[in-house]
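Below is a briefing on a protein model, arranged by topic for a reader who works with coordinates. Please keep the sequence and the structure in view while reading.

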Amino acid sequence: MTHNLITGTGSALPATRVANDDLASRLDTSDSWIRERTGIRARRIADPATTTADLATEAAARALEAAGLEAGAIDLVVLATATPDLTFPATAARVQARLGITRGAAFDIAAVCSGFIYALAVADSLLKAGQGSRALVIGAETFSRLLDWDDRATAVLFGDGAGAVVLETRAAVPGETPRGILASRLHADGRHEGLLYVDGGPGTTGTVGKLRMAGRDVFRHAVHNLTSVVDEILAEAQLGVEAIDWIIPHQANLRIIEATAKKLGFPMAKVIVTVDEHANTSAASVPLALDVAVRDGRIRPGQLCLLEAMGGGFTWGALLLRM
Ligand code: UT7
């Protein structure tokens with residue numbers, strides 16, 4: 001019996017921090033509205049020369065360093081993004097090349113804010129299927145490029161960044177509690193496209209397009225879907241919510257995070273929150289939050305962690321792992 005264990009985490013943020021007041025100086029909004037409705041205080045915004053691959057490569061290099069591995073040991077690069085550098089090649093292939101990896105597989109996953117959960121579940125399955133024994137799994141975005149900076153309802157919500165993990169196959173030690181990814185559940189329901197989408201793309205309008213969202217409807221679906229997928233994965237694992245040491249949720253809105261925790265009966269003291277400083281970084285949000293909490297010593301080896309996210313598609317999912 002083997003499990004795929006996270007042996008290193010890393011992240012990268014652009015240097016430029018944009019506070020709510022900076023946005024309020026050019027949009028009809030205010031620091032108090034943004035903080036009260038979302039919990040966001042600031043976000044990082046990439047300069048025009050920085051791409052998703054730049055942030056992803058930096059985060060991946062840190063994860064490799066934390067795992068004590070050379071890049072050449074990696075068999076698989078899976079990168080979740082809704083803001084790839086180019087239509088093709090995959091941003092994962094660009095990251096692979098920059099890290100000096102010349103073998104194995106590399107591809108992108110498009111599941112927007114749920115992308116990292118999808119990517120981790122897919123990498124776990126591929127390693128179990130024999131594609132290798134070490135994967136780099138990355139969530140990276142330059143989401144600021146998709147924003148309509150004149151739309152106060154969406155422009156204030158998002159930021160740029162990247163997070164990465166190294167996943168390594170380990171044989172279970174008889175008599176010891178298994179560590180690694182224990183279960184994952186992925187969902188999609190394409191009927192809700194109109195509530196959260198980008199109004200462009202190379203195959204339709206030939207333009208990149210801008211993000212459009214019916215925020216209140218997305219909020220409602222998010223709390224419902226996240227609660228239900230967490231219930232589903234816990235039932236599958238035959239665990240109660242009290243067994244979980246940490247929930248690392250998608251960082252879209254503090255009110256969504258709090259409402260979901262309340263419905264689950266889970267204390268906010270054991271929920272990792274970074275939305276205040278990162279805002280919503282889409283596929284990067286969960287690995288960014290994970291890296292913050294691993295590096296500040298809250299998340300420790302042996303602890304049971306639950307990752308969850310919901311985003312455009314709709315897509316949503318959860319993943320249970322022991323660090
Ligand atoms: O990653 C997954 C995808 N995204 C999400 O999960 C986001 C889900 N949705 C949300 O987080 C929230 O719905 C928002 C933060 C987007 C909006 O919060 P809300 O409490 O649902 O506000 P609302 O959309 O109902 O808007 C309330 C009022 C409106 O004014 P009126 O119609 O009541 O006069 C908006 O025009 O707030 C106004 N408003 C703003 N005011 C100041 C909307 N955006 C802003 C703004 N600053 N930035």
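A search of the whole structure finds 18 salt bridges, a salt bridge being a side-chain nitrogen of Lys or Arg within 4 Å of a carboxyl oxygen of Asp or Glu. The model is a predicted one, in which local features need pLDDT of at least 70 and side-chain atom pairs count only at pLDDT 80 or more, while totals for chains, interfaces and linings use all residues. Residues are numbered from 1 along each chain as its sequence is written, and side-chain values use heavy atoms, with hydrogens and water left out.

- The side chains of Asp 75 and Arg 103 meet in a salt bridge, with 2.8 Å from N to O.
- Asp 75 lies in the loop between H3 and S4, and Arg 103 in the loop between H4 and strand S5 (105-109), so this pair ties together parts that are 28 residues apart in sequence; helices (H or I, at least four residues) and strands (E, at least two) are DSSP runs numbered from the N terminus.

**Surroundings of Asp 85**

- Asp 85 is found in the loop between strand S4 (76-80) and helix H4 (91-99), and its side chain reaches the backbone nitrogen of Ala 53 at 3.0 Å.
- The side chains of Asp 85 and Arg 94 are joined by a polar contact of 2.6 Å, where a polar contact is a pair of N or O atoms within 3.5 Å; within protein, one must be able to donate a hydrogen and the other to accept it, and residues adjacent in sequence count only if both atoms are side-chain atoms.
- When neighbours within four places in sequence are left aside, Asp 85 is in contact (heavy atoms within 4.5 Å) with Thr 51, Thr 52, Ala 53, Thr 91, Arg 94 and Arg 98.

- The domain assignment gives domain 1 (2-171) and domain 2 (180-322), with bounds that come from an automatic or database domain assignment, and the C-alpha centres of the two domains lie 14 Å apart.
- In the interface, 55 residues of domain 1 are in contact with 50 residues of domain 2.
- Domain 1 and domain 2 bury about 4000 Å² between them, 64% of it on carbon and sulfur atoms, where buried area is the accessible area (1.4 Å probe) that two parts lose on being put together, summed over both.
- The rule finds two salt bridges across the interface of domain 1 and domain 2, and the count of residue pairs in polar contact between these domains is 21, with both residues at pLDDT 80 or more.

**The open sheet**

- An open sheet of four strands has the order S8-S13-S12-S11 with mixed pairing, and two strands are taken to pair if DSSP finds at least two bridges between them.
- Strand S8 (180-188) and strand S11 (246-249) stand at the edges, each with a single partner strand, so one side of each is left without a neighbour in the sheet.
- S8 and strand S13 (residues 315-322) pair in the antiparallel sense over eight bridges, and the bridge partner of Gly 180 in S13 is Arg 322.

**Backbone features in loops**

- The peptide bond from Phe 88 to Pro 89 is cis, with omega near 5°, and Pro 89 lies in the loop between S4 and H4.
- The peptide bond from Gly 313 to Phe 314 is cis, with omega near -15°, and Phe 314 is found in the loop between S12 and S13.
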